[in-house]
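Biologist: I would like a close look at one part of this model, namely the charged side-chain pairs and the packing that goes with them. Please take me through it slowly, saying where each residue sits.

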Amino acid sequence: MKQIKSVLLGCWLMLLAIHSAAARGPAIADGAREFVAQATIHGKVVDGSEQPLAGATVSVKGSETRVSTDEQGNFAIAIPTDGTTLVISFLGFVTQEYPVRSDPGEEIIVSMQPEEANELDEIVVVGYGSQRKRDITGAVSSVDAKSIQEVPVTQASQALQGRAAGVLVTNTSNKPGGGATVRIRGNRSFSAGNDPLYVIDGIPITGGLQDIPPQDIASMEVLKDASATAIYGSRGANGVVIISTNRGNTGKTVVSYDTWFGFSNAYKQIDMMDGARFAEFKRESRRATGDYDDGDPNADANTPGLFSPVELASIAAGISTNYQDLMLETGNSMNHSLGVRGGSEKTRFNLSFNYMNDQGIIAVQDFNRYAMRVNLDHDISDRIRIGASILGNYSIRNGQSLNPYDDTLLENPLGVPYDDNGELIFLPTPDGLRSNPLAELVPGALLNRNKRLRLFSSLYGEVELAEGLSYRLNFGPDLVQNRVGNFQGKFTNARLGGSSAAQGNEDLVFNYTLENIVKYNKVFDEVHALELTGLFGIQHRQYEATNISVRGIPVEEMQYYNFGAAEEILGTGSDFERWDILSYMGRANYVFDDRYLVTLTARIDGSSRFGRNHRYGFFPSVALGWNISNESFMEGNGVFDLLKLRATYGETGNTGIDPYGTQGLLRRTTYAFDETGAFGFRPNQLRNDNLKWETTRQFNFGLDFAVLGGRISGAAEYYQQKTRDLLMQRQLPFTSGYGSVMENVGATQNTGFEFSISTENIRPQREGGFSWSTDLNLATNNEKILELYGGSQDDVGNRWFIGEPIQVYYDFEKIGIWQTHEADAAESYGRVPGEIKIKDQNQDGVINDLDRVILGNNRPSLTGGLTNRFGFRGFDLSVFLYFNHGNMIYSRFHEVHNTLFGRYNNLDVDYWTPNNPTNAYPRPNQNQEKPVYNTSMAYFDGSFLKIRNVNLGYNFPKSWAAKIKAESLRVYVSAQQPLIISSYVNRHQGIDPEGIDFNADSEQLPVDTPPQRTWLFGLNVKF
Amino acid sequence: MISALFLAVVWSSCSRMLDEEIRSQVGDTHLSTPEGFEDGVRAAYSTLRTFHANELGMTLTVFGTDTYTMGSDGSYKFVNEYTSQFDPRTTFVRDLWNNLYIGINTCNAVIDRAPTVEGLSEEIRNVRVAEARFLRAYYYFTLVQQFGPVHLSVKETTEVTTEASRSPVSEVYAVIEEDLRFAIEQLPETSPDYGRAIKPAAAHLLARVLLTRATSEAAEDSDYAEAGALAEQVINDYGFQLLDDFAKVFEQGSGERNAEVIWAIQYTKNAITNGANSEADGTGNAAHRYFLMEYDVLPGMNRNVRDGQPWKRFMPTTYTLETLFADRVNDTRYRKSFKDVFLCTRPGTYTVNGKEVTYAEGDTAVWLPGYQLDAAVKASKNFLVIEPADYTQKLYPTLTKFLDPERPDMNYEAGSRDFLAFRLAETYLIAAEAFMYAGDEAKAVTYLNEVRGRAAYDGLDEAEDANRRAAMMVTAGELSLDLILEERGRELLGEQLRWYDLVRTHTLVERVRAHNPDGGDNIQDYHVLRPIPQDQIDRTAGGSEAFPQNPGYN
């Protein structure tokens, strides 16, 4: 806290300095012309349909005199006698100049024309400021509110999916409230993390976006190249996502209410064996070991350990239980958002309330979020402005770490889940490990509840010190509290009739960011536009946690609310972590004659996480732009509205290692002498004072274009980035007592093309006419390792290979099944017919590690999104497609639910028998828990095309809306993920090839709550 | 001026801000404090749990021998089968290696820092160093038996290094012997902390070490004589004695700490001290799982705490059942080593032996007589009879030594039994073997007969007692290596010694070929050593040139 105090003191001193500067400020403004008011003009401001516009600004050109229109659009303004020009402005309308004489005699009526959306003049938020789109030199993709709202998602990160070229968003969980991983231009780091930096209302946050309701977001900008991200220095290497939330504006107060309600169902069930298939499969698993006598008519009953009485009864009666049917239900979700936006001349506000409830397709999984936002901006004077955006969020997530679905797949279909009275049978078969999966759904039996509270604020004060010179103070405190309670009752698979158990984790995180920003803006001689930005800031994070795990809760209803009553404490712990970053940054933007653009940035960051010898890092960048369309030779070309070339180079860093990574540390150990604990500490981490930042150097070449009056616009990018000094656990021979040490070794490279285009295919001929527009984005990225441990030796242990992406699938290659006629060849490899045949890559007659090859990787070679929007007479339709091409996936249920063991239910595969000489899957065998080389059965092409969303809406005519006193009224119906096209789904019993978590160690498609198809019905109304 | 002040304030506070604040962890200087030094010694013990009484340790010592082969389940059957899948990537081999070297570095840290730790009494300092050296010796002994020549390091690692090399077996044994001689000299005879290294434990270990070295390329002429002398010293000098009843040795609870136990790996009933972190400290005594047959799917049975978790990893070979334990008239150890009855836990009506049978709770549900019954007798039984002819990889006699019915839950892995690593019966057998090779067969046979005599059945009267004991006796003339190996097999079945015994006596290959139905066809001469973990070779500067693989593995 001492540091905060000193820094705050510093800031006060700075403010003091500013205040004294501001006090001198008016001298500059004294030059404004003064006049004597002599006449008053009365008038009214209306829109195209003669509706009054309240809150429009009317000012006298060249003076400070300004007024606002009232509720009826009326105004009265004083003008000098010699006549003047009024300037009338209103957000969303073209600003108008209206010449008036001093004695107009009657009321004037000003009719405002709505603003034609001109993309090129759009303001795009960039780091520490904003720019006109036409002036941007870096590679920035923006996703506007329309695209965000179009697909009703529950997580902000999902709204990015398929919307920006080079941004790969993968849903990693199908559970309510589940998240997504975001990758910008591939992976570059082995261990320092590859998640982008998120900046919300100017404050860089730590952790994901799950607390931000998507409805609050006005725009998301993705900064991809080094010039754009270098100002975030040590945190910018993975790209930056800047999120701006809705702010208030002057004018009529608008109340909006948005809601949707939806149903979801499993997209598809996993194709497991039914009772009869399973019985035959079990017999085959015994035949394979010679334990099933087909000559015996009663072999089913006489083979010991084959079928239990309940299984025999089910076989006789033809009973088969489909546990998936019994577990999966129709999920439902709803969202209510209420927003109030408005403001006066001096104060603008936006209040929003959001409630979201998502009840998943499995009873124990749901998500509730309550969020409240207050965004305020207030002008203390012409030169001093303050503001705040404050988000309060409380969410409850149930069942995030529970996976009862997995149990349904393994459950014996010959078991009977309910007894004659309809009561659950806990063990439907004698198999002691397989409890009834439906027991997990009994209310109170199994709990995993995460209650999360977050108070995230971004506060600022801004002073115009002199014309063009401003100072801004940003302060962003962020408090997060998490409480996770877990409980497993006696009759759950985790406890199998043993005593109940409970665990609790609580953590408290306090982050803050404090930034002092000075800006200077000036246009010299009308052609030299200069903008300078300087920053000094600190970022701080402190994390504290406690946890406990107990067994033997005496009364199940206590759940996790009385750990003290438990029979036994299995473990307790607490944790603390702190890091700080100290930064200095400077940036210069220079534009010459709207034709030549230069951006220079430099940032110095100091991080507590690094060793004494390399605490500070320097991250420079340079960007050049050439606006060809503004050259004189392009004048009147009639084709290009915009043609701009960009080239950038920069360095960014990655500080994402855990704190204390440079320290020599000990590890707690456990032993006992008799019954007395004998805890100890042993060496666990070698000291390394030389650790430093990973540095990414990136070149980016871009081209922006707009033709045919902006009907076709887009951008193309090529980039190459090399990341050096990769923070990596350098593997040590264990004879030293250490398995690894964190070092800066290795290099990776990402290169790629990105292309995005927006077209207005059909412009409406008249109001309500047919319109059609398309947005398409495509991206390629080639990720490879250049160097490991300073050389070009592959690290097979980590599956890191020079020239390959960071994660590859390196395994044996299955080429079929050994057939009966190949028995001799099979034997030479130690196999028998019916087992998996592996390609002997080096043909040495032995299958060993040398026969493993790189089978593929899960990085798509091409990704993209295609949105088509249609409009006609108040109807709007959008169809959003999302695709990945060229990646391989590892499908976990093809491995773990395909053990062919003859004990658990199995994927309904075409397995080998002497009479079925297939090459697909090996023969079941009761004596092997899984087939030899079983992982080779789980690799598939992961390419897919998804219809992510189809949204059909209808805007009621204004006159209809007016009947409920509304300004606008829209209803819509939306289908989410109605179709997945993929060979994995269509040919290989898969459900959804998307879902590999790039952050997990093993990049596998998990077996968990299945993906869904969702129908939503929504309503947007504005008053 | 103000700006300058501002900068000064900010600068001074900020440079401090970037110093890390360590709270939840401990910096490594702690080990040099008196408390930290004691912590380091205790930490050195925790490595013991990583290779005793768990699947890793048992797979590498019980499996692939003449006494045990594989049951139906498990992922490490290739260790038993000696197929090409048993390669340098095998995780159990790698984990054993890694854990032992972590333990060795911990011992080294304690030993190196001891002289500079202030505030320790000289006596405590010496005892603690002796404990660390005892543990280091035990770890190196485990390594040299499994891997042959290994890397020798007797200094704490303080800097990143990728240098490693394989020292000759003789050098490794020299370090082990020196450490143990120091330990014998410095350690107390007993310790107030039960489970700490004590003098007799060091002597027992050195006896075992010398007996092993005697058959290695590093053999010294005096090895057998010294091993015998050390074993005798343990037998005579410290008040240990064989219990009268073999079964009592493995009695759970207070019975674990008995007069026959020289030194045991410690496990507790408290989860917090029993190894909550499976990666670092093991998962309690988990041996209760591996020797059990699949009783829980049989008529009248379900999985329960009393009978345990049937993981069916290790199945006794026919040799074990029919040869080692052939004598069931005089020798109690078949009866006291194997479970022959399972009592009903799931009442109901079942088809058993071709007829409908109704069980009540606690009725005999399953019986393994251990021999073939007359068909009529079998048919008369109202419970399932599993005769030797019915044995499969799922159904076989279950070793009872490690069963742990005192676990609180059916699926609770972390058992609480101490693992009896050094017990007096083994000392007797070490003595027998050492004296036999040292030429004192009379002494050898005396020690052997002590163990055998204890295992004899009690008769109905003294005369019968004497007869049974007499029947168990062997004479000096009958003494042979086979006899000793068979005795060790019977007495120490499943106690993580068999693979070492066979390797030590150069009988692994022939005995596995003769008695292990799964490994017999595949085992080769080179299988007397385990593969060096590939990681070790890959990570060592110079690769396989600098750190060569054991022959036969690739």
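Modeller: A residue is called buried when its relative accessible area is under 20%, exposed when that area is over 50%, and partly exposed in between. Please keep in mind that this is a predicted model. With those cut-offs, Lys378(B), at 21% relative accessibility, counts as partly exposed, and Asp390(B) is likewise partly exposed, its relative accessible area being 29%. The side chains of Lys378(B) and Asp390(B) meet in a salt bridge, with 3.8 Å from N to O. Lys378(B) belongs to helix α14 (residues 375–380) of chain B, whereas Asp390(B) lies in the loop between β10 (384–385) and β11 (398–399) of chain B, so this pair ties together parts that are twelve residues apart in sequence.

A second pair joins Lys312(B) to Glu294(B), where the closest N and O atoms are 3.3 Å apart.

Glu491(B) and Arg454(B) are both buried. They also belong to one network, joined by salt bridges that share partners, whose members include Glu260(B), Asp331(B), Arg333(B), Arg423(B), Glu487(B) and Glu495(B). Over all chains, the count of salt bridges comes to 112.

In helix α20 (residues 508–515) of chain B, Leu508(B), Val509(B), Arg511(B) and Val512(B) are buried, and what covers the buried residues of α20(B) includes α18, together with α12 (318–324) and α19 (498–504) of chain B. Helix α16 (441–454), for its part, is among the elements of chain B against which the buried residues of α9(B) pack, along with α7 (169–186), α8 (199–213), β3 (261–265) and α15 (424–438). Those buried residues of α9(B) include Tyr224(B), Leu230(B), Ala231(B), Val234(B) and Ile235(B), and also the charged Asp223(B) and Glu232(B). The 15 residues of α9 (residues 223–237) of chain B should span 21 Å at 1.5 Å a residue, and the end C-alpha atoms are 21 Å apart, which agrees. After α9(B) comes Gly239(B), which has a positive phi, near 80°.

Finally, there is the nonpolar side of the picture. The largest nonpolar core has 164 residues, and those with the most contacts inside it are Phe134(B), Ile176(B), Trp263(B), Met293(B) and Val366(B). Helix α6 (residues 122–147) of chain B gives the largest share of this core, 14 residues. If its neighbours within four places in sequence are left aside, the contacts of Val366(B) include Met293(B), Leu298(B), Met301(B), Phe342(B), Phe383(B) and Ile386(B), and also the acidic Asp340(B).

Terms used:
Residues numbered from 1 in each chain as written. Chains lettered and ligands numbered in written order. Predicted model: local features only at pLDDT ≥ 70, side-chain atom pairs only at ≥ 80, totals over all residues. Heavy atoms only, no water. Core = buried A, V, L, I, M, F, W, Y, C linked by side-chain atoms within 4.5 Å. Buried < 20%, exposed > 50% of the residue type's maximum accessible area, 1.4 Å probe, protein only. Helix = DSSP H or I, 4+ residues; strand = E, 2+ residues; numbered from the N terminus. Contact = heavy atoms within 4.5 Å. Expected span 1.5 Å × (residues − 1). Salt bridge = Lys/Arg side-chain N within 4 Å of Asp/Glu carboxyl O.
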